[in-house]
Amino acid sequence: MFLFMALSGQRAEAQRFSLSTNLLDYACLGTVNVEGAYSMSRYWSLTVAAEYNPFTYRKGQPDQFQFRRQSYALGVRLWPWHTWSGWWVSGKLRYQEYNIGGIVSEATDEGDRAGISISAGYTYMVSPHFNVEFGLGVWSGQDWFNSYACQQCGLTLASGRRWFILPDDIAISLVYVF
């Protein structure tokens with residue numbers, strides 16, 4: 001973001017940057033997340049996001065489960081009124097490495113996903129530097145995967161490439177604007 005500012009010749013001003021975290025991701029088995037944004041103009045912002053969940057629950061037990069993942073995204077948002085307030089729509093490029101298993105059945109899927117995401121939401125200004133954000137979106141792309149019968153046996157059920165459509169940016173976020 002700082003390189004973009006330097007190359008564009010714009011000076012840093014108040015209300016140009018924000019940091020946010022999605023509270024609903026923490027409820028998803030402890031996924032840590034952060035999103036940074038830079039306001040490029042009154043109507044556009046550039047976003048960079050990361051999510052990380054390294055946790056395996058009941059490790060080594062027959063009922064072990066995990067929703068491990070690391071995910072990275074780069075995107076833009078259009079704010080019809082002005083940045084950091086009101087309605088918005090966004091588009092992102094997203095990459096995710098994942099290992100999910102033991103939640104619904106013993107079967108485990110792991111692999112990599114890459115694709116594009118579209119989202120929409122609303123940001124409510126609580127104060128000049130603090131916002132609450134609500135959002136919902138969908139992402140689609142290519143999934144390179146391996147499916148296993150159980151988490152410890154290693155018996156491969158399937159592997160390959162497939163297209164996917166998944167929910168994205170299901171969010172209730174706390175945002176700090178500076």
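Strands β1 (17-22) and β2 (32-39) each put at least two residues into the lining of the largest cavity; strands here are DSSP runs of E with at least two residues, helices are runs of H or I with at least four, and both are numbered from the N terminus. The model is a predicted one, so local features need pLDDT of at least 70 and side-chain atom pairs count only at pLDDT 80 or more, while totals for chains, interfaces and linings use all residues. Residues are numbered from 1 along each chain as its sequence is written, and side-chain values use heavy atoms, with hydrogens and water left out.

Back to that cavity. A search of the whole structure turns up 1 cavity of 30 Å³ or more. A cavity here is a set of points, on a 1 Å grid over the protein atoms alone, where a 1.4 Å probe fits but cannot get out, and lining residues have an atom within 4 Å of a point. The largest cavity holds about 50 Å³ of space, a volume being the space filled by probe spheres set on the points, which are joined across faces, edges and corners. Its lining is made up of S18, S20, E35, A37, R77, W79, W84, E133 and V175.

A37, W79, W84 and V175 turn up again in the largest nonpolar core, along with W88 and V177, for 6 residues. Such a core is a set of buried Ala, Val, Leu, Ile, Met, Phe, Trp, Tyr and Cys residues joined through side-chain atoms within 4.5 Å; buried means under 20% relative accessible area, exposed over 50%, and partly exposed in between (1.4 Å probe, protein chains only). Leaving aside neighbours within four places in sequence, V175 touches S18, L19, S20, H129, F130, N131 and E133, where contact means heavy atoms within 4.5 Å.

As for rings, the structure holds 9 aromatic pairs. The F55 and Y57 rings have centres 6.4 Å apart and planes at 45°, so this pair is tilted. Y57 and F65, with ring centres 5.3 Å apart and planes at 20°, are stacked. (Rings of Phe, Tyr and Trp, the last by its six-membered ring, pair if their centres lie within 6.5 Å; planes under 30 degrees apart are stacked, over 60 edge-to-face, the rest tilted.) F55 is partly exposed at 36% relative accessible area, Y57 is partly exposed at 28%, and F65 is buried at 18%.

Note on methods:
1 Å grid on protein atoms, 1.4 Å probe; cavity = no way out; pocket = protein on both sides within 12 Å on 5 of 7 lines; lining within 4 Å.
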